[in-house]
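Please open the structure in your viewer and keep the selection panel at hand. The tour below goes from one selection to the next.

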Amino acid sequence: MENRINGHATFKSPVDWEPGEDTRAILRHTKVEYATVDLADEALQVVLDWKTEGDTFSRKLSGLRHAFRVYSEQLVRTFAIEEHDGMAEVLEEHPQYASRVEGLLQEHDVIRDALDVIAMRLERCLPTDMATFEDAQDDIRTVMVQVRRHMHRECNLIMDAFNTDLGCGD
Ligand SMILES: [Fe+2]
């Protein structure tokens, strides 16, 4: 339903707006993707918290490479789905949120670049080079915080636009 002022259509208010079947399907899909990112985040955190002993950390390095690859692939997939469906739907239905969408989409590029740099560092890291390994882990923790904040803002945007809760936490 559109609001009208002096006979001119204005932006649709999320309160009055009713989602169609396509939108409901996109929102259900988005909710599943976010839950999967949360699981990948949790798995990566478990590996990061692994305390190693001795001069070599080859087992943790191997586990971290795997957990980080899963996390990155899930994130990149979720970002692509958001760009194709979720954020596109927000723009189509509620163009008044364009600047918030634009900010989030720009952050996708920043995060994707950070993931690429970390992947390269992990790949090159020798299982005896503790300094490089620690730096890579710090970079992973930093990008994880950035991603959590990003997804929180995105959840809030979707909640504002579609008046729905995706269960993304506080
Ligand atoms: Fe996003």
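What covers the buried residues of α4? The cover includes α1 (21-48), α2 (58-93) and α3, and the stops that follow take these helices one at a time, in a model that is predicted.

Begin with the whole chain in cartoon view, where the secondary structure comes to four helices and two strands, running β-β-α-α-α-α from the N terminus on. Of the 170 residues of the protein, 24% count as buried. Among the contacts with a separation of 6 or more, 69% are accounted for by residues 24 or more positions apart.

Next, select α4, residues 130-162, a helix of 33 residues that reaches 47 Å from its first C-alpha to its last, close to the 48 Å expected at 1.5 Å a residue. Show side chains for the buried positions of α4, which are Phe 133, Ala 136, Ile 140, Val 143, Val 147, Met 151, Glu 154, Ile 158, Ala 161 and Phe 162. In an α-helix there are 3.6 residues a turn, so residues three or four places apart point the same way. Step just past the end of α4 to Asn 163, which takes a positive phi of about 55 degrees.

To see the contact, select Arg 100, Leu 104, Glu 107, Ile 111, Ala 114, Leu 115, Ile 118, Arg 121 and Leu 122 in α3, together with their counterparts in α4, which are Thr 132, Ala 136, Asp 139, Ile 140, Val 143, Gln 146, Val 147, His 150, Arg 153, Glu 154 and Leu 157. Coloured by class, the residues of this contact of α3 with α4 divide into eleven nonpolar, three polar and six charged.

On the α2 side, select Leu 61, Phe 68, Leu 75, Gly 86, Val 90 and Glu 93, which meet Phe 133, Ile 140, Val 147, Leu 157, Ile 158 and Ala 161 in α4. By class, the contact of α2 with α4 has ten nonpolar, one polar and one charged residues.

Then turn to α1, whose axis comes within 12 Å of that of α4 and crosses it at roughly 160 degrees. The two helices, α1 and α4, are therefore roughly antiparallel to each other, and their crossing is left-handed. Select Thr 23, Leu 27, Thr 30, Tyr 34, Val 37, Asp 41, Leu 44 and Leu 48 of α1 with Gln 137, Ile 140, Arg 141, Met 144, Met 151, Ile 158 and Phe 162 of α4, the residues that make the contact. The residues of the contact of α1 with α4 divide into ten nonpolar, three polar and two charged.

For the last stop, centre the view on Leu 27, which lies in helix α1. How far apart are Leu 27 and Phe 162 in sequence and in space? These two residues are 135 residues apart in sequence and 8.8 Å apart in space, C-alpha to C-alpha. Leu 27 counts as partly exposed because it has 19 C-beta neighbours inside 10 Å, whereas Phe 162 is buried.

Conventions:
Residues are numbered from 1 along each chain as its sequence is written. This is a predicted model: local features need pLDDT of at least 70, side-chain atom pairs count only at pLDDT 80 or more; totals for chains, interfaces and linings use all residues. Axes are lines fitted to C-alpha atoms, for helices over the stretch in contact, and angles run from 0 to 180 degrees between N-to-C directions. Two residues are in contact if their C-beta atoms, placed from the backbone, lie within 7 Å. Ala, Val, Leu, Ile, Met, Phe, Trp, Tyr, Cys and Pro count as nonpolar, Asp, Glu, Lys and Arg as charged, and the others, Gly among them, as polar. The expected span of a helix is 1.5 Å times one less than its number of residues. A residue is buried if 20 or more other C-beta atoms lie within 10 Å of its own, exposed if 12 or fewer, and partly exposed in between; C-beta atoms are placed from the backbone. Angles under 35 degrees count as roughly parallel, over 145 as roughly antiparallel, 65 to 115 as roughly perpendicular and the rest as oblique. A crossing is left-handed if the near helix is turned anticlockwise from the far one by less than a right angle, and right-handed if clockwise.
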